[in-house]
Amino acid sequence: MSNPKYQSPKGVHDILPDDHLYFSFIKKVVRHHCRRAGFRRISTPMFENVEVFKRSIGESSDIVEKEMFLFESKSGKKFALKPEGTAGVVRAYLEHGMSNLPKPVELYYIEPHFRYNRPQKGRYRQFHQFGFEVLGESDPAIDAQVIYISHRINQDLGIADRLTLQLNTIGSQEDRKQFREDLINYYTGKERSLCEDCKRRLHENPMRLLDCKEEDCQILASMSPKLESVLSEESKKHFELLKEYLDELGVKYELNSMLVRGLDYYTHTVFEFWSKHEGSQNATGGGGRYDGLVKLMGGQDTPAIGYAAGIERTILYMKEAGIRPPNKDKVDIFVAQLGLVAKKKSLPLINKLRDHGIITVGAVGKSSMSGQMGLADKLNAKYSLILGQIEVQEGTIILRNMERGSQETVPFDGIVDKMVELLGEKKLSSKNLWEE
Ligand code: AMP
């Protein structure tokens, strides 16, 4: 419809069947990589008490300051739609005593998220992320493994060559105390050149000034003190080892001392995958270590690392690269019939074919034979099975190969087995549902 009466709200989108081919494929790749690395899936609610996000993400982050969808219950409790995944996962980890599980606890999620930001290409108000979190291990080998899995997912989606891995360390919280002072000293007296956001953030969270996208702020940031100068030996060692492990794994990276990530809870390793191609929204995903977060949320000291990527943005990059996911919706068989008796015989036939996992569409409406065959063409069905009055009387059915345009009349009994033979064993089969 060109001018519909109702439209979806600004910045939120329907996922239409063609895009679901991408969604399903991405989910499959993510599940495949996470499962084989021993990760287990978690889903947290669409909304949480607002404090969960404020406490974890940080009051001075863009997300908490201006991007949360907030609402109140009738009794006045304040909630927010979840803007990112880690806070909810950590809340659930603590609430369900997962800290008692063998370490590290490895979880993954594929969920919608909500941010009240200005919609533009690749940035929406409802979007989906897949992500993973590893809790309870501080070894940089875990950082390397998390980065490797993210990279492998990009590879299997066909977009790894279009991305660069940006890598940095932001040290420990202890290292950053000193750095914070250095930054405030450096920026003091230069406030007039800063954008409004940065002016405000200078005393709340000066590290955020380093990744501001405003040109004047970037110029100042490029000449600012560098974190390297205050990194402890331990932080340096963590980063050195991570780089060695990545080299060993053959994962290429670019060191980027300006990468700090927007959220307060990161420590040590931070990384993002950036597109090599033009565009303001160029990160497909990012992550890092958050060793202080579990404690901040009321748990014990628990090192952790995570990664999250945007599914819509991943789809955008796949489309830019000309990648089409496999079309799992392709119709195998179209069943056409004419007359009441034929229709009655075709209904169980359609369902038997479907039980074998064969994608079968049957025109069970009132359309003429030519109308039905036109539909079979439009659906690009591989085969048609045609049951008219004569075939019913003779106990036969017409099997038409739609690609070749050839057809033959075959016995009705045994047609299901014949079609299974022609189309090969199907994964969707009811028999396979319970297989491991
Ligand atoms: P972040 O948690 O902000 O680092 O986001 C991780 C990834 O999620 C980004 O790299 C994007 O791919 C995706 N993402 C974040 N915000 C949005 C948004 N508003 N719309 C679409 N994708 C987003």
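Trainee: Which ring does the charged end of Lys319 sit over?

Mentor: The ring of Tyr22, with the charged end 5.3 Å from its centre. The criterion for a charge over a ring is NZ of Lys or CZ of Arg within 6 Å of the ring centre and within 35 degrees of the ring normal. Keep in mind that this is a predicted model: local features need pLDDT of at least 70, side-chain atom pairs count only at pLDDT 80 or more, and totals for chains, interfaces and linings use all residues. Residues are numbered from 1 along each chain as its sequence is written, and side-chain values use heavy atoms, with hydrogens and water left out.

Trainee: What lies over the face of Tyr186?

Mentor: Lys190, at 4.1 Å from the ring centre.

Trainee: Switching to ring pairs. How many aromatic pairs are there?

Mentor: The count is 11. Rings of Phe, Tyr and Trp (its six-membered ring) pair if their centres lie within 6.5 Å; planes under 30 degrees apart are stacked, over 60 edge-to-face, the rest tilted. One of the pairs is Phe39 with Phe132, edge-to-face, at 5.7 Å centre to centre and 80° between the planes.

Trainee: Why does that pair tie together separate parts?

Mentor: Because Phe39 is in the loop between α1 (17-36) and β1 (40-41), while Phe132 is in strand β6 (residues 126-135), 93 residues apart in sequence. Helices (H or I, at least four residues) and strands (E, at least two) are DSSP runs, numbered from the N terminus.

Trainee: Is Phe39 buried or exposed?

Mentor: Buried, at 5% relative accessibility. Phe132 is buried too, at 0%. The cut-offs: buried is under 20% relative accessible area, exposed over 50%, partly exposed in between (1.4 Å probe, protein chains only).

Trainee: What about Phe273 and Tyr307?

Mentor: Edge-to-face again, 5.9 Å centre to centre with 85° between the planes. Phe273 is in strand β9 (residues 267-275) and Tyr307 in strand β11 (residues 304-310), 34 residues apart. Both are buried.
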